[in-house]
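This briefing describes how one protein chain is folded and how its parts pack together. Please keep the sequence and the structure in view while reading the points below.

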Amino acid sequence: MQISEPAEYAILGLLAEQPMHGYELFQRFQSETLGQIVHIEMSQLYAFLKKLERPPRKVYQLTRDGRALLSQWLNMPVERPRDIRILFLIKLYFVQRQVPEQLPALIKQEIAACTRFLASLEALRRGPVSIRDQAIFDQVILKSRIYQTRALLDWLHELQAEFSPSGSKQ
């Protein structure tokens with residue numbers, strides 16, 4: 001099965017919790033925090049369910065392959081900081097609900113991935129650039145990405161403190 005949208009991972013995560021009708025899945029998106037992370041239309045939901053090759057009005061449940069795909073995805077860090085806003089939050093949502101003891105490891109993995117990404121960005125920095133230099137805008141964008149990644153790392157470190165064994169979330 002090919003996953004192309006973050007919402008599809010969210011659907012797999014909900015089905016991993018319990019079998020559901022399509023409408024029940026849609027209601028979960030509408031009524032829970034998950035709907036604040038990723039938006040899904042009813043038509044998108046049923047299009048993905050059709051990929052699962054199950055007719056509408058049937059109770060959907062995750063196959064062994066679907067469960068393996070979800071598990072593999074949950075354990076891979078998000079590589080690009082721009083994907084943290086959706087993909088990483090979906091991962092946090094399901095890890096907290098299904099395997100909360102893995103939260104510290106997931107956050108630690110994400111910190112390592114963001115740290116590597118930040119190092120790659122910082123390696124591209126140049127010295128002072130003249131306002132007349134054509135590369136100035138490239139440097140402005142690069143600095144923006146560096147500051148965004150640093151902010152994400154700060155947030156991830158706060159999460160790490162909250163979900164550590166001595167933190168308040170355990």
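Helix 6 of this predicted model covers residues 84-98 and has 15 residues. From its first C-alpha to its last, helix 6 reaches 20 Å, close to the 21 Å expected at 1.5 Å a residue.

**Helix 6 and its surroundings**

- The buried residues of helix 6 are Ile 84, Leu 87, Phe 88, Ile 90, Lys 91, Leu 92, Tyr 93, Phe 94 and Val 95.
- These buried residues pack against five partners: helix 1 (6-17), helix 3 (34-37), helix 5 (64-74), helix 7 (103-122) and helix 8 (136-162).
- Lys 91, which belongs to helix 6, has a relative accessible area of 2% and is therefore buried, the cut-off being under 20%.
- Leaving out residues up to four places away in sequence, Lys 91 touches Trp 73, Leu 74, Met 76, Pro 77, Val 78 and Leu 106.
- One of these residues, Val 78, is 13 residues from Lys 91 in sequence, and their C-alpha atoms are 9.4 Å apart in space.

**Helix 1: an enclosed helix**

- Helix 1 has 12 residues and reaches 17 Å from its first C-alpha to its last, close to the 16 Å expected at 1.5 Å a residue.
- Because 10 of its 12 residues are buried, helix 1 is largely enclosed by the rest of the structure.
- The buried residues of helix 1 are Ala 7, Glu 8, Tyr 9, Ala 10, Ile 11, Leu 12, Gly 13, Leu 14, Leu 15 and Ala 16.
- The cover over these buried residues includes helix 2, helix 3, helix 4, helix 5 and helix 6.
- Glu 8 lies in helix 1 and counts as buried because its relative accessibility is 7%, against a cut-off of under 20%.
- Apart from residues up to four places away in sequence, Glu 8 touches Gln 2, Ile 3, Phe 48 and Lys 51.

**How helix 1 meets helix 5**

- Two packed helices are described by the angle between their axes and the distance between the axes.
- The axes of helix 1 and helix 5 come within 10 Å and cross at roughly 115 degrees.
- The crossing in which helix 1 passes helix 5 is left-handed.
- On the helix 1 side, Tyr 9, Leu 12, Gly 13 and Ala 16 take part, and they meet Gly 66, Arg 67, Leu 69, Leu 70 and Trp 73 in helix 5.
- Sorted by class, this contact has 6 nonpolar, 2 polar and 1 charged residues.

**The nonpolar core**

- The largest nonpolar core has 51 residues, and those with the most contacts inside it are Ile 11, Leu 34 and Phe 88.
- The elements giving two or more residues to this core are helix 1, helix 2 (22-31), helix 3, helix 4 (42-51), helix 5, helix 6, helix 7 and helix 8.
- Which residues does Ile 11 touch, not counting residues up to four places away in sequence? They are Leu 25, Phe 29, Ile 40, Leu 45, Phe 48 and Leu 49.

**Two further residues: buried or exposed?**

- Ile 146 is found in helix 8; its relative accessible area is 0%, so Ile 146 is buried.
- Leaving aside neighbours within four places in sequence, Ile 146 is in contact with Leu 118, Leu 121, Glu 122 and Arg 125.
- Ile 146 and Phe 117 are 29 residues apart in sequence, and their C-alpha atoms are 9.1 Å apart in space.
- Gln 36 lies in helix 3 and counts as exposed because its relative accessibility is 70%, where the cut-off for exposed is over 50%.
- Gln 36 and Ile 86 are 50 residues apart in sequence and 9.6 Å apart in space, C-alpha to C-alpha.

**The chain as a whole**

- The chain contains 8 helices and 0 strands, and its pattern along the sequence reads α-α-α-α-α-α-α-α.
- Of the 170 residues of the chain, 39% count as buried.
- Among contacts between residues at least 6 apart in sequence, 63% join residues at least 24 apart.

How values were computed: Residues numbered from 1 in each chain as written. Predicted model: local features only at pLDDT ≥ 70, side-chain atom pairs only at ≥ 80, totals over all residues. Heavy atoms only, no water. Helix = DSSP H or I, 4+ residues; strand = E, 2+ residues; numbered from the N terminus. Expected span 1.5 Å × (residues − 1). Buried < 20%, exposed > 50% of the residue type's maximum accessible area, 1.4 Å probe, protein only. Contact = heavy atoms within 4.5 Å. Axes fitted to C-alpha atoms, helices over the stretch in contact; angles between N-to-C directions. Left-handed = near helix turned anticlockwise from the far one by under 90°. Nonpolar A, V, L, I, M, F, W, Y, C, P; charged D, E, K, R; others polar. Core = buried A, V, L, I, M, F, W, Y, C linked by side-chain atoms within 4.5 Å.
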